[in-house]
Amino acid sequence: MTNTIIHMEGIKKHFGNVIALNGVTFDVSSGECHCLLGDNGAGKSTFIKTMSGVHKPTEGTITFEGKPLSFSSPRDAMEAGIATVFQDLAMIPLMSVTRNFFMGREPTKGRGLLKRFDVDAANEICMEEMRKMGINLRAPDQAVGTLSGGERQTVAIARAVYFGAKVLILDEPTSALGVRQTSNVLSTIDRVRGQGIGVVFISHNVRHAMAVGDRFTVLNRGQTLGTAKKDEITSAELQDLMAGGQELAKLEGSLGGTI
Ligand SMILES: Nc1ncnc2c1ncn2[C@@H]1O[C@H](COP(=O)(O)OP(=O)(O)OP(=O)(O)O)[C@@H](O)[C@H]1O
Ligand SMILES: [Mg+2]
């Protein structure tokens, strides 16, 4: 693909004796959703933390917009346009949606000593950005804690998009959600991709991944098992590739149902 935003090549990460990543190659293009799948402990979180500047790789190279790059902090990565929405969202439940949306980056009015937080502008931007994501807030001063899990994910996604993300990394955004909330988040991902942002979607759930993914990479014990495009693989094959796929199929057979 020609419009690759970030390319990670042969990434290794060791924590003392623990080999969390042992040569992972992965890239994301603008306007695609690339799913990263794998069982518990496969190295998914470690990998995206390397991508977002939290960890330095022990070995391997990162190319961002065609140039070799090494992030020395998450702030570096964020400034380059890599935004991560972690599962334990960095939000303050008792604060308003608007405050959480801006989180220290509020628009201001006036100058010098008179400079202050422009509440009206902030509220307006927040309501508008959430509306674009398909959520009509009751009021911008509504506390984040009163939103549903899916809506909170959407606030975090809308915030990343508003602040200019080129790559949006979502670590298991649907794992704690019910059916309707999941479908809302999946359609938000679709909308974000439509704006030319490259989405990295981490999941355990093959169905969720299949619903929005353009490409799929499976990690197993710190190694890439391969990358496939949507029309090259079925959910059954993807499920089998993930560690435990075989076991689940056996269990499914003996229980006579679908898990
Ligand atoms: N800071 C660390 N120090 C030591 N070992 C670590 C550290 N971070 C991760 N690991 C190890 O690296 C391996 C990969 O962990 P990681 O959290 O990346 O897996 P994961 O695929 O995200 O799993 P899950 O699906 O459970 O979130 C695990 O064996 C884990 O114990
Ligand atoms: Mg993880």
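Relative accessible area defines a residue as buried under 20%, exposed over 50% and partly exposed in between (1.4 Å probe, protein chains only). The model is predicted: local features require pLDDT of at least 70 and side-chain atom pairs pLDDT 80 or more, while totals for chains, interfaces and linings use all residues. Residues are numbered from 1 along each chain as its sequence is written, chains are lettered from A and ligands numbered from 1 in the order in which they are written, and side-chain values use heavy atoms, with hydrogens and water left out.

View 1. The shell of ligand 1 (residues with a heavy atom within 4 Å of it) consists of Phe-15, Ala-20, Asp-39, Asn-40, Gly-41, Ala-42, Gly-43, Lys-44, Ser-45, Thr-46, Glu-172 and His-204. Three of these residues are nonpolar, six polar and three charged, where Ala, Val, Leu, Ile, Met, Phe, Trp, Tyr, Cys and Pro count as nonpolar, Asp, Glu, Lys and Arg as charged, and the others, Gly among them, as polar. Helix α1 (residues 44–51) supplies the largest share of the shell, three residues; helices (H or I, at least four residues) and strands (E, at least two) are DSSP runs numbered from the N terminus.

**View 2. Polar contacts of ligand 1.** Such a contact is a pair of N or O atoms within 3.5 Å. Oxygen atoms of ligand 1 lie 2.7 Å from a polar side-chain atom of Lys-44 and 2.9 Å from one of Asn-40. An N or O atom in the side chain of His-204 is 3.3 Å from an oxygen atom of the ligand. On its own, ligand 1 has 640 Å² of accessible area (Shrake-Rupley method, 1.4 Å probe), of which the protein covers 59%.

**View 3. Aromatic pairs.** Rings of Phe, Tyr and Trp (its six-membered ring) pair if their centres lie within 6.5 Å; planes under 30 degrees apart count as stacked, over 60 as edge-to-face and the rest as tilted. The count is eight aromatic pairs. Phe-26 and Phe-47 are edge-to-face, because their ring centres are 5.5 Å apart and their planes stand at 65°. This pair connects distant parts of the chain, with Phe-26 in strand β2 (residues 18–29) and Phe-47 in helix α1, 21 residues apart. Phe-26 is buried at 1% relative accessible area, and Phe-47 is buried at 0%. The rings of Phe-101 and Phe-163, with centres 6.4 Å apart and planes at 40°, form a tilted pair. Phe-101 belongs to helix α3 (residues 97–102) and Phe-163 to the loop between α5 (149–162) and β9 (167–171), so parts 62 residues apart in sequence are tied together. Phe-101 is buried at 0% relative accessibility, whereas Phe-163 is partly exposed at 31%. Ring pairs also join Phe-101, Phe-102, Tyr-162 and Phe-163 into a cluster.

**View 4. Salt bridges.** With a salt bridge taken as a side-chain nitrogen of Lys or Arg within 4 Å of a carboxyl oxygen of Asp or Glu, the count is nine. In the bridge between Lys-12 and Glu-59, the closest N and O atoms are 4.0 Å apart. Lys-12 lies in strand β1 (residues 4–15) and Glu-59 in strand β4 (residues 59–64), 47 residues apart. Both residues are partly exposed, Lys-12 at 26% and Glu-59 at 46%. Asp-27 and Arg-215 form a salt bridge with closest N and O atoms 2.6 Å apart. Their pairing spans 188 residues, from strand β2 to strand β11 (residues 215–220), and Asp-27 and Arg-215 are buried.

Terms used:
Polar contact = N/O pair within 3.5 Å; in protein donor to acceptor, adjacent residues only side chain to side chain.
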